[in-house]
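Hello,

Here is the structure I promised to pass on. Please open it first, then read the notes below.

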Amino acid sequence: MVSTFSQIREVPAFAALPTKAEFVEQLNADEYARRVRNGDFDLGWFNAAPDGTRWGQWGVRAQPSRRGLTLMDIDKASGLFPEAFAPPLAAPRGGGTEREPTTVNWGINERWEVWAENLVPLYEEACSRQWSATEDIEWSRMEELPPDMERALCQFNTFLTMAEYLATDVLASWIPKFNTYFHEIKLFLASQAMDEARHTEVFRKRIFANGGGLGQAINFGSQLAQQSSLADNILFGSWAFTSYGVHVVFEGAILSMFRFGEFLGKTDVDKQIFRMVMQDEARHVAYGTLHLKYMIEHAPDVERRLEELHYLASISEMFFTSFFFLHPTTLEACAILAGEGVDGMDKGLEVYKALYRKMREEYLMRIKQAGFDRTDRCMYPEELPI
Ligand SMILES: [Fe+2]
Ligand SMILES: [Fe+2]
């Protein structure tokens, strides 16, 4: 199979461009430019009534709340909450348009396809809780670890640097598909992309901060990248699938791994890193879970959609068990960390198995609360076969 990377299109033959002088001449002949030269301005936007046609509203004065001026505050003041269907336009929600607006096919135009009751506050939280991998981690307090522990942690973090790319690469490609009417989902995913960038950054920095180095990559990412393009992969065939696969299955498990990392971290710096990434990751999972709930409660033809989602969920769970939980680097690195060294791997393995059980339990509980019960259909085995 040809990889995605070799499929980047070549630049087409250059079309002939006018010379700069010809271009200026065209501008000179422009009807609007000619009118402005004669002092005749358009002012259509300026004189328009605030009725939502060419101008949105007028006289709105949003009041800042305790934290400052939030998106919730401006929605409350303007009353511009999202309706069920977005118009096929490139316009901000509530804004006016040109006299003859062009139609835009965004791809995703219905509220149930994107919404979650926590979406707006989650974006506000994402903005207020940004942190710096450079300055907010107390790198100067790094403490030496026994070499086997350092190596296991570097392996674990090597996996994580790659896992973070996966989230950004998959999710960011969806941003242009959402209608600008639902700006919240675009903003939230942009904040998530920044979160994931910082996660890759902090894990990479940790790898080089304490006498270790990068470990072995897992084929995990390339397994997906090799599917000719991410969009052709069934896991990412719709936003419902993508959000479920990434936010609920993948990041749900990663959140459990971060908690494990915080619990097992032997130095304060490592504990701090896992604590910081955990608060970001919890937001991503929270959106995915409440989006699932919203979709179940509002999507048309929900029974059919849920059947599709069950199928997709099974694939995601199988993929994740085989390529991640049973991968030698993940399993063994975690067993060494939990067992406090290579000599304690047997004991560490029991902790790893307990982590897996907990991850599975949390996952099933989370989706059940969202209205998606997979207790009898979940492909995660009750116990890892080790
Ligand atoms: Fe992340
Ligand atoms: Fe994440």
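**How α6 meets α11**

The axes of α6 and α11 are 10 Å apart, and the two helices pack at an angle of about 170°. Angles over 145 degrees count as roughly antiparallel, so α6 is roughly antiparallel to α11. Keep in mind that this is a predicted model.

From α6, the contact uses L119, L122, E125 and A126. From α11, R283, A286 and Y287 meet them. By type, the residues of this contact are five nonpolar, two charged and no polar.

Setting aside neighbours within four places in sequence, F188 is in contact with L119, L122, Y123, A126 and Y287.

F188 and L119 also belong to the largest nonpolar core, which has 78 residues. Both are among those with the most contacts inside this core, along with F156, Y244, C334 and L337. Helices that each supply at least two core residues include α6 (119-128), α8 (183-208), α11 (268-298) and α14 (345-369). The largest share, 14 residues, comes from α10.

**α14**

α14 has 25 residues. From first C-alpha to last, α14 reaches 36 Å, close to the 36 Å expected at 1.5 Å a residue. Buried residues in α14 include M345, G348, Y352, L355 and R360. What covers the buried residues of α14? The cover includes α10, α11, α12 and α13. After α14 comes G371, with a positive phi near 100°.

Best wishes

Conventions. Residues are numbered from 1 along each chain as its sequence is written. Chains are lettered from A and ligands numbered from 1 in the order in which they are written. This is a predicted model: local features need pLDDT of at least 70, side-chain atom pairs count only at pLDDT 80 or more; totals for chains, interfaces and linings use all residues. A nonpolar core is a set of buried Ala, Val, Leu, Ile, Met, Phe, Trp, Tyr and Cys residues joined through C-beta atoms within 7 Å. A residue is buried if 20 or more other C-beta atoms lie within 10 Å of its own, exposed if 12 or fewer, and partly exposed in between; C-beta atoms are placed from the backbone. Helices (H or I, at least four residues) and strands (E, at least two) are DSSP runs, numbered from the N terminus. Two residues are in contact if their C-beta atoms, placed from the backbone, lie within 7 Å. Axes are lines fitted to C-alpha atoms, for helices over the stretch in contact, and angles run from 0 to 180 degrees between N-to-C directions. Angles under 35 degrees count as roughly parallel, over 145 as roughly antiparallel, 65 to 115 as roughly perpendicular and the rest as oblique. Ala, Val, Leu, Ile, Met, Phe, Trp, Tyr, Cys and Pro count as nonpolar, Asp, Glu, Lys and Arg as charged, and the others, Gly among them, as polar. The expected span of a helix is 1.5 Å times one less than its number of residues.
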